[in-house]
Amino acid sequence: MTMQTPVMEAPRSGLLSGYLDSLAMVERLHRLLLDVIKDEFERLGILEINAVQALLLFNIGENEVTAGELKTRGYYQGSNVSYNLKKLVETGHMHHQRCEIDRRSVRVRLTPKGRGLRDAVAALFTRHAEGMEARGVLGIDAIDTLNLSLRRMERYWSDQIRYIY
């Protein structure tokens, strides 16, 4: 390997190779999740919102939160939260109201229409969980192990950000 050779072309050892595979898989899985939601909504004839917005509705659930809390609570992973909230308000899926205490802040919650879409996503996820278990793709022990590993990775990355300086 020369100095001009990209790191990705260098021979990869055990953990590094697995780590890079895991990173690629997490990214692919997120994109696939959005495609699965999009396909389900097309099947149901729901075309007014996109998969990112549907996932946001699912994650908010029955909570009432500020736009800022969406990211800190992990309900939204993207960078354009205000655009998606605006669209969800325009389509009648989300209600927004200025906070009484801090007028700069807006609180949002699902409308009945938004709860209906949240329920459609919940039903999709329930079918998937039952299908994976029935076909032996994942059982409770495997999903618990997977989630534990992902939480450890999340904690490690969070610590890296927190303690960088």
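What is the relative accessible area of Asp-35, and how does that value class the residue?

Reply: Happy to go through it. This is a predicted model, in which local features need pLDDT of at least 70, side-chain atom pairs count only at pLDDT 80 or more, and totals for chains, interfaces and linings use all residues. Residues are numbered from 1 along each chain as its sequence is written, and side-chain values use heavy atoms, with hydrogens and water left out.

Asp-35 has a relative accessible area of 41%, so the residue is partly exposed; with a 1.4 Å probe and protein chains only, buried means under 20%, exposed over 50%, and partly exposed in between. Asp-35 sits in helix α1. Helices (H or I, at least four residues) and strands (E, at least two) are DSSP runs numbered from the N terminus. From Asp-35 to Val-52, 17 residues along in sequence, the C-alpha to C-alpha distance is 9.8 Å.

The 31 residues of α1 should span 45 Å at 1.5 Å a residue, and the end C-alpha atoms are 44 Å apart, which agrees; the expected span is 1.5 Å times one less than the number of residues. Within α1, the buried residues are Ser-17, Leu-34, Ile-37, Glu-40 and Phe-41. These buried residues pack against α2 and α5, where contact means heavy atoms within 4.5 Å. After α1 comes Gly-45, with a positive phi near 80°. Gly-45 belongs to the loop between α1 and α2 and counts as exposed because its relative accessibility is 53%.

Seven of its 10 residues are buried, so α2 is largely enclosed by the rest of the structure. They are Ala-51, Gln-53, Ala-54, Leu-55, Leu-56, Leu-57 and Ile-60, and they pack against α1, α3 (67-72), α4 (81-90), β2 (94-98), β3 and α5. Gln-53 of α2 counts as buried because its relative accessibility is 3%. Leaving out residues up to four places away in sequence, Gln-53 touches Tyr-83, Asn-84, Lys-87 and Leu-88.

The other partner is α5. Helix α5 covers residues 112-134, and its 23 residues should span 33 Å at 1.5 Å a residue; the end C-alpha atoms lie 32 Å apart, which agrees. Buried in α5 are Gly-114, Leu-117, Arg-118, Ala-120, Val-121 and Leu-124. They pack against α1 (14-44), α2 (51-60) and β3 (106-110). Just beyond α5, Gly-136 has a positive phi of about 75°.

The axes of α1 and α5 come within 11 Å and cross at roughly 115°; axes are lines fitted to C-alpha atoms, for helices over the stretch in contact, with angles from 0 to 180 degrees between N-to-C directions. This crossing of α1 and α5 is right-handed; a crossing is left-handed if the near helix is turned anticlockwise from the far one by less than a right angle, and right-handed if clockwise. On the α1 side the contact is made by Leu-33, Val-36, Ile-37, Glu-40, Phe-41, Arg-43 and Leu-44, and on the α5 side by Leu-117, Ala-120, Val-121, Leu-124, Phe-125, Arg-127 and His-128. These contact residues divide into 10 nonpolar, one polar and three charged, counting Ala, Val, Leu, Ile, Met, Phe, Trp, Tyr, Cys and Pro as nonpolar, Asp, Glu, Lys and Arg as charged, and the others, Gly among them, as polar.

Finally, the whole chain. The protein chain has six helices and three strands, in the order α-α-β-α-α-β-β-α-α along the sequence. Its radius of gyration is 20 Å, whereas a compact globule of 165 residues would have one near 15 Å; the radius is taken over C-alpha atoms, and the globule rule is 2.2 Å times the number of residues to the power 0.38. The C-alpha trace spans about 60 × 45 × 30 Å along its principal axes. Of the 165 residues, 24% are buried.
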